[in-house]
Amino acid sequence: MRENFKKRFRDRIKGVYGSKSLVLVLFLNPLCQKLVKLSLIFLIFTGCIGIFRRAPDFPSMRIQGLVPYNELESVKNVKWSSLSKSRDPKSVSAIILHNSGKRKFPDFLKLSVDNQFMFHVYVDSEGNIFGDPQFLNHEWSAAPGIDLESIHIIYEGTQETLYNNRKQRNVLNQIISYLTEELDIPKSNYDVISKRGVFTHNQTKRRFGGFVDFSPCGSELALKQILSEIDGKYYEEDDWKDRFVTGWVLKKENKDILKETFKPTNGRGITKAEKIVFSKIEKDEKGFPPEEYRVKYTFRGKIKPSCVVLHYTAISEYFKSLRTLEARNLTASIMIDNNGKAYQLVDVLEDRAAAATGTNDNCIQIEIVAKDTEELLKQPEQIQTVKDLVIELTSKYKIPLSNEKVEDLSGVFSHTQAKKKWGGSIFLNAKDFDPGEDYMEMILNSIGGKYFSEPEWKNRKSIDWAILYRNFQP
């Protein structure tokens, strides 16, 4: 049968391509066979190696020496079922490293429970291990956005104390090495986007948000030390996969990349703006925005405005603020100078701005020129223009004079509020201001609006915020 197949193949080649092609095929045939064999071997030992890998034996997996939480006297009354969700062990693909700082285990555990957070494993300074024996089957909330895939491990102390505590570090190394090998988790912090690897909480905060503050929880130097001792690979932040690409809650910008990619299609000297329709926006003698005050920007589509977002520039000078927007490939809709003059930056206010993640598709973005809150409050002409312009915009677009419901994208909000909901800034912490809630309260209340303080924002205590409203987090 094999010989008949060869004969038919040769006759086919000869009939279609001629006798010279047959000679070439006969010459190449042994070589092709060898190439096929080599290719198969390569696939088996590289891309297809997974078919020979032993599947994790989830029921048999144990962390030796672990003392279960429910055996601890101090937390025997805790309703653990209310703090966790069931999960399929097959979903586990990451280890998240946290530290307790100066807190000891009883205090740290109580704070975690009180704030509705929890972790799978805790290694104290003596090398004792406490935790959840069913760590593979329980999803605990400690780093929203990656909780389902993660085993959360806490080490007691700081990265400095860990460095000098060989006993504690050995226990930590053994646990992480065991889990990565048994669960086929990469011993690397390279790709947090895929949720596969060993990461600090600090790194997951940058990608997924869901944090209370930006203290270096987990500590990069500690992770670097641990990965080096278990034959892993540590990557500095600039080398994390796609660190300068959009999608991170805490953005990181590369000036060279921004310069190369910024190819504006609209704005100053490129396209002509439409005539101004708002009385509080400056216009030239023909009714158009003064060209030199506009921004160069990339056209990102149109919006139907349902909200207004107020920002401050953190720079005291108008044109320097304008150039900073361009250097960062950002666009506001309007900028109000410290002398009270407001300028339309885009061709038409319905052009989509790029200034506040989560709101750009719906909101008119207003930048207010000022270095800080103190300077904002000392510029009365500017304050009056902000008030007048907000009234005019909200009247035209039927926008509520309220900051209660940022997630509904209907109202007048601070950039701070938008950042706390969606992130997407190069600067984030639990206390940042932009332009400041005192300023927002003054503006809204003075124009007949309704200002809501942070605890009153709609669903503020839910887990679906980039910056959570809690007092503590592991």
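**Close-up views of a predicted model**

Figure 1. Six strands, in the order β1-β5-β4-β7-β3-β8, make up an open sheet with mixed pairing. At its edges are β1 (66–68) and β8, each of which pairs on one side only. On average, neighbouring strands of this sheet are turned by 25 degrees against each other, direction ignored. The model shown here and in the other views is predicted. Within the sheet, β3 and β7 run parallel and are joined by 6 bridges. Ala94 stands opposite Ser150 of β7.

Figure 2. Helix α3 spans residues 105–114, and its buried residues include Phe105, Phe108, Leu109, Ser112 and Val113. These residues lie on the same side of α3, because they cover an arc of only 130 degrees around the axis. An α-helix has 3.6 residues a turn, so residues three or four places apart point the same way. Pro106 and Lys110, on the other side of α3, are exposed. The cover over the buried residues of α3 includes the strands β3 (94–99), β4 (121–123), β5 (129–131) and β7 (150–155). Gln116, which follows α3, has a positive phi, near 60 degrees.

**Figure 3. Helices α6 and α7.** Helix α6, residues 201–208, lies across β3 and β8 and runs at about 90 degrees to β8. In helix α7, residues 220–229, the buried residues are Glu220, Ala222, Leu223, Gln225, Ile226 and Leu227. The buried residues of α7 pack against the strands β3, β7 and β8 and against the helices α4 (159–163), α5 and α6. After α7 comes Asp231, with a positive phi near 65 degrees. Cys217 has a relative accessible area of 8% and is therefore buried.

**Figure 4. The loop at Asp184.** Asp184 belongs to the loop between α5 (166–183) and β8 (197–200). Its relative accessibility is 33%, so Asp184 counts as partly exposed. Asp184 and Ala55 are 129 residues apart in sequence, while their C-alpha atoms are 8.9 Å apart in space.

**Figure 5. The largest nonpolar core.** This core has 42 residues, and Ile334, Leu349, Ile366 and Leu393 are those with the most contacts inside it. At least two residues of the core come from each of β9 (307–312), α9 (318–327), β10 (334–336), β11 (342–344), β12 (363–368), α11 (380–397) and α13 (437–446). The helix α11 gives the most, with 6 residues. When neighbours within four places in sequence are left aside, the contacts of Ile334 include Ile281, Ala342, Tyr343, Leu345, Leu349 and Ile364. Also in contact with Ile334 are Gln365, Ile366, Glu367, Leu389 and Leu393. Apart from this core lies another, of 30 residues, among them Met61, Ile63, Leu136 and Ile153.

**Figure 6. The disulfide between Cys307 and Cys363****.** A search of the whole structure finds 1 disulfide. This bond joins Cys307 to Cys363, with an S to S distance of 1.8 Å. The torsion about the S-S bond of Cys307 and Cys363 is about -85 degrees, so the disulfide is left-handed. Because Cys307 lies in strand β9 and Cys363 in strand β12, the pair ties together parts that are 56 residues apart in sequence. Both Cys307 and Cys363 are buried.

Terms used. Residues numbered from 1 in each chain as written. Predicted model: local features only at pLDDT ≥ 70, side-chain atom pairs only at ≥ 80, totals over all residues. Heavy atoms only, no water. Buried < 20%, exposed > 50% of the residue type's maximum accessible area, 1.4 Å probe, protein only. Helix = DSSP H or I, 4+ residues; strand = E, 2+ residues; numbered from the N terminus. Arc of directions from axis to C-beta. Contact = heavy atoms within 4.5 Å. Pairing = 2+ DSSP bridges. Axes fitted to C-alpha atoms, helices over the stretch in contact; angles between N-to-C directions. Core = buried A, V, L, I, M, F, W, Y, C linked by side-chain atoms within 4.5 Å. Disulfide = S-S within 2.5 Å.
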